[in-house]
Amino acid sequence: MFLGNEEKVYILDKTEGNAAQINGHPAWGAAWDVNTHTAQTMQIMTNTFCASGMHLPNGSYATFGGNSAIGPLGSTGSVGSGAYDATYQDYDGRKAIRILNPCTSANDMSSAQCQWFDNVAVLSMQKQRWYSAAEALGDGTIALIGGFVSGGYINRNTPNTDPALEGGAAEPTYEFYPSRGAATVMNFMITTSGLNSYAHTYLMPSGNMLIQANISTILWNPDTNVETPLPDMPGGVARVYPASGAVAMLPLTPANNYTPTVIFCGGTDMPDEYWGNYTYPNYNTWTYPASTDCQRITPEPTDGSSPVYVKDDGMLEGRTMGQFIILPDGTLLVVNGGTNGTAGYAQATGQTALFGLMPYGESLASGPVGTPAIYNPNMPAGSRWSNAGLSNTNIARLYHSSALLMPDASVMIAGSNPNIDVNLTTIFPTTYTAEIFYPPYFSASTRPTFSGAPQTLSYGGSSFDLSVPSTAYSGSGNAAAANTTVVLLRGGFTTHAMNMGQRYLQLNSTYTVNSNNSITLHVAQVPPNPNIFTPGPALMFVVINGIPSNGTMVIVGNGQVGPQPTQAATVLPASAQNPSASGSGSGSGSSSSSNSASGSSHTGAIVGAVIGAIAVIGILGALFGIFVARRRRAASRQHPAAAYAMRATGDGYGGGASRGGATNDRARHSDSSAFVPLQQDNSSNAWNASNTNLHSPYQDTYMREGADYDPYNPDGGVQHNSGQRL
């Protein structure tokens, strides 16, 4: 998935037997409209199974590679040894480069300009890549690194006598899009043979790239192909697929001088002999506990010291396939995953020869983790993790799960399919259910709003002003202004428990507290180094006392691939206070943290969500309805930092932070945070068997202002035995 703009989430699936059809074959692509909650299937020609993806400088997205053409039950395509399959009508996607220009609701979505361009005869990579890494460079070029040639569990044979090519099954090269010349061997892809799928890649301010795979780490120069070894991962913990640890770059802020630090959490320390090869693992992975270990590394220290891994607070439970989502308040949410095993699927292992003896079907993981956790990088060591009050989900999110930050600062969670094809009856089935997770800052009674966001940002140059009305905060204007941040957040291309291109940048800012109680924010442009935040789309948030506004999409840079113009770093005026200023917002309160570099973290109790119906999303083109019923937990169960209940003052899906500042108050009026399911109509009772009596047409709570709609009792909520209205 990726967020194309404030209005559209784009979803890709592997080619398989989905019931949703397009042009007479199963669909494996869709666009979901954030405002109307409708999904539209999209035609994609090639198999996108395990592709990589990245933003482009103009706001478009590209996906790279995938698998060969396949048919039912993963069979090789019926034509040309995987070139095409007549049943699923998919073409070989291993060299494919697919380009999408995100459109809005005002566009004709049937127009070719709003569809995927997917034609390998016109646009393709030099090499076949499945599970390759993708990372944008400072000029907008995308580096494409490694991958399998045609799939498997891990990227090696046993014995591993050919670590470079594995007899033609491994791809140890890198290339660029747009091309910079012939694909070139990267030695790191040979030394990490086996565990180097979806290598973790992060561009550094110098233009070098941190790359981590297997238990090895390097800094790589994309211009010279020079590799600089960094320390190995402590404890022998693997983080790349299929170990699949949660990995992210911590927020880049003026306080840390925009110096990148990357955190690695979870994954597994399974010994080498357990991993097996392309066929399957040697070990019954679902019995092997996932790691709780977390490590930080600053690859380019500014004090002249050598990079080292530093042990961080351990996760609250071990996770494989856990996923970090950076939130606008500067904290990191981790969702999804399992407590045992690895990603991937198989019908046997080296210890279990018969599929009928596999206890979890084809899944190589077990123990789904339903409770999220929040990591606050600014808290003292020993207190950085919390799940206090966070609600949980009963939906297993294992292999092939994704999560993505939304424009209203909620998190969309979808997927899970540890199966070779659609399987609706196994213990961990193909999952068409999506949820929205509302982080604890949704307990605020007032959501900040702002106006004046520019459409584009430059690298250095003149500052710009944002206007924050008095209704956006409560209490002292000086205190609110002093604890306000302006941040850029790029959610990235999310697949397989990772977000390629995800990055958080706090812009430098000062303020003027005005006599009419409004606040003018004087905001610097992006630091004049495109390697810190590469050109392309990002959401801009204003965060007051740890509570984010809705995000407004902006483009960083000149919108073109090539050297980005830079100017001198922005010089800001001094802040000006007004002791008499006071906001009129309804009790947004003050932050429990004095660290304004990343806002504050509110890890308070989340209001429980009563799920009125299962939720179906993805490639199913029909009307969405969100059914929400809520209950407030007793105050005694709340974490002390859960200070606020949220009532949004603007459009919950992008409009509240519009450039004109207009609001229409369609945002969710949530007492607090929870997992909330998305419901989509679907004619298949296999997906909706327990919900065939749901009211239709579905009614969206956004359309009934001030009401909690429950599909089982549309006239007034659900009464439980306690008599408590939910």
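A cavity here is a set of points on a 1 Å grid over the protein atoms alone where a 1.4 Å probe fits but cannot get out, and a lining residue has an atom within 4 Å of a point. Grid points are joined across faces, edges and corners, and a volume is the space filled by probe spheres set on the points. This is a predicted model, in which local features need pLDDT of at least 70, side-chain atom pairs count only at pLDDT 80 or more, and totals for chains, interfaces and linings use all residues. Residues are numbered from 1 along each chain as its sequence is written, and side-chain values use heavy atoms, leaving out hydrogens and water.

**Cavities**
- The structure holds nine cavities of 30 Å³ or more.
- The largest cavity has about 510 Å³ of space, and among its 30 lining residues I11, L12, D13, H400 and G415 are the closest to its centre.
- Strand 35 gives the most to this lining, with three residues; strands (E) are DSSP runs of at least two residues, numbered from the N terminus.
- The second largest cavity has about 130 Å³ of space, and H200, Y202, M498, N499 and M500 are the closest to its centre of the 17 residues that line it.

- Three strands form an open sheet in the order 7-8-9, with antiparallel pairing; two strands pair if DSSP finds at least two bridges between them.
- Strand 7 (52-55) and strand 9 (97-100) are the edge strands, each pairing on one side only.
- Four bridges join strand 8 (residues 61-64) to strand 9, and T63 has R98 in strand 9 as its bridge partner.

Methods. On a 1 Å grid over the protein atoms alone, a cavity is a set of points where a 1.4 Å probe fits but cannot get out, and a pocket is an open set with protein on both sides within 12 Å along at least five of seven lines; lining residues have an atom within 4 Å of a point.
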